[in-house]
Amino acid sequence: DPGHYLQQSYGAVWDLLVSVRDAGGWDAATVHNLRSRLGAIPAILRDGAANLAQGTPRAPLARLYLNAVGYDPAHPTAPLTVAAALVKATDAVLAEAAPPPTPASRRELRAAAAAAGAALADFTAYVAEASPRWDTNASVGEG
């Protein structure tokens with residue numbers, strides 16, 4: 001299920017964004033935590049693509065995933081809505097963090113968000129290309 005890898009990568013970032021917002025703000029430790037989670041996304045998605053290539057993925061789950069990330073088959077290289085939202089959220093964190101991150105930390109966080117977006121685009125391109133060959137049976141307990 002490609003959605004599993006989305007949850008394990010981007011989901012961990014969204015969970016942090018929501019929990020810190022609800023707790024009242026960003027500090028240096030949580031900005032570092034965000035950088036760490038963003039930095040893990042490319043490897044998670046690379047591993048996910050390898051796992052899907054070796055397994056028996058289901059085409060209906062791929063369609064759900066592609067819809068969730070905002071993939072448009074008519075414009076396959078267009079930015080994904082999920083990746084764009086992550087960049088906006090990262091910029092909001094940088095604006096709200098107290099104390100403000102250093103210029104180097106800002107660059108690292110933005111670079112990590114950009115790398116996460118590129119990894120998501122690569123993973124999504126793989127799912128879009130490979131999923132037409134995947135099993136169409138998505139029944140629980142069958143396949």
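These legends walk through close-up views of one predicted model.

Local features are given only at pLDDT of at least 70 and side-chain atom pairs only at pLDDT 80 or more, while totals for chains, interfaces and linings use all residues. Residues are numbered from 1 along each chain as its sequence is written, and side-chain values use heavy atoms, with hydrogens and water left out.

**Figure 1**
Helices (H or I, at least four residues) and strands (E, at least two) are DSSP runs, numbered from the N terminus. Along the sequence the pattern reads α-α-α-α-α. The C-alpha trace spans about 50 × 30 × 20 Å along its principal axes. The chain has 143 residues, and 36% of them count as buried. Buried means under 20% relative accessible area, exposed means over 50%, and partly exposed lies in between (1.4 Å probe, protein chains only). Contact means heavy atoms within 4.5 Å. Among contacts between residues at least 6 apart in sequence, 79% join residues at least 24 apart.

**Figure 2. The largest nonpolar core holds 39 residues.**
A nonpolar core is a set of buried Ala, Val, Leu, Ile, Met, Phe, Trp, Tyr and Cys residues joined through side-chain atoms within 4.5 Å. Find Y10, W26, L34, L38 and L120: these touch the most other members. Helices α1 (2–23), α2 (28–54), α3 (59–68), α4 (81–96) and α5 (103–130) each give two or more residues to this core. Helix α5 gives the most, with ten residues. In soluble globular proteins, nonpolar side chains tend to be buried together. Now focus on L34. Leaving aside neighbours within four places in sequence, L34 is in contact with V13, L16, L17, W26, V93 and L109.

**Figure 3. Helix α1 bends by about 40 degrees at G11.**
The bend at a residue is the angle between axes fitted to the seven residues ending there and the seven starting there. Helix α1 has 22 residues and reaches 31 Å from its first C-alpha to its last. That is close to the 32 Å expected at 1.5 Å a residue. The expected span is 1.5 Å times one less than the number of residues. The buried residues of α1 are P2, Y5, L6, S9, Y10, G11, V13, L16, L17 and V20. What covers them includes α2, α3, α4 and α5. At the N-terminal end, D1 caps the helix: a side-chain oxygen lies 2.8 Å from the backbone nitrogen of G3.

**Figure 4. S9 sits in helix α1.**
S9 counts as buried, at 1% relative accessibility. Its side chain reaches the backbone oxygen of L6 at 3.3 Å. This is a polar contact: a pair of N or O atoms within 3.5 Å; within protein, one must be able to donate a hydrogen and the other to accept it, and residues adjacent in sequence count only if both atoms are side-chain atoms. Not counting residues up to four places away in sequence, S9 touches I41, I44 and L45.

**Figure 5. Helix α4 has a buried side and a face turned away from it.**
Helix α4 has 16 residues and reaches 23 Å from its first C-alpha to its last, close to the 22 Å expected at 1.5 Å a residue. Its buried residues are V82, A83, L86, A89, T90, V93 and L94. They cover an arc of only 140 degrees around the axis, so they lie on the same side of α4. The arc is that of the directions from the helix axis to the C-beta atoms. The opposite face carries the exposed residues K88, A95 and E96. What covers the buried residues includes α1, α2, α3 and α5.

**Figure 6. V93 lies in helix α4.**
V93 is buried, at 2% relative accessibility. Not counting residues up to four places away in sequence, V93 touches L17, W26, V31 and L34. The C-alpha atoms of V93 and T30 are separated by 9.8 Å, though the two are 63 residues apart along the chain.

**Figure 7. T124 belongs to helix α5.**
T124 is buried, with a relative accessible area of 1%. Its side chain reaches the backbone oxygen of L120 at 2.8 Å. Leaving aside neighbours within four places in sequence, T124 is in contact with Y65, L66, V69, Y71 and L80.
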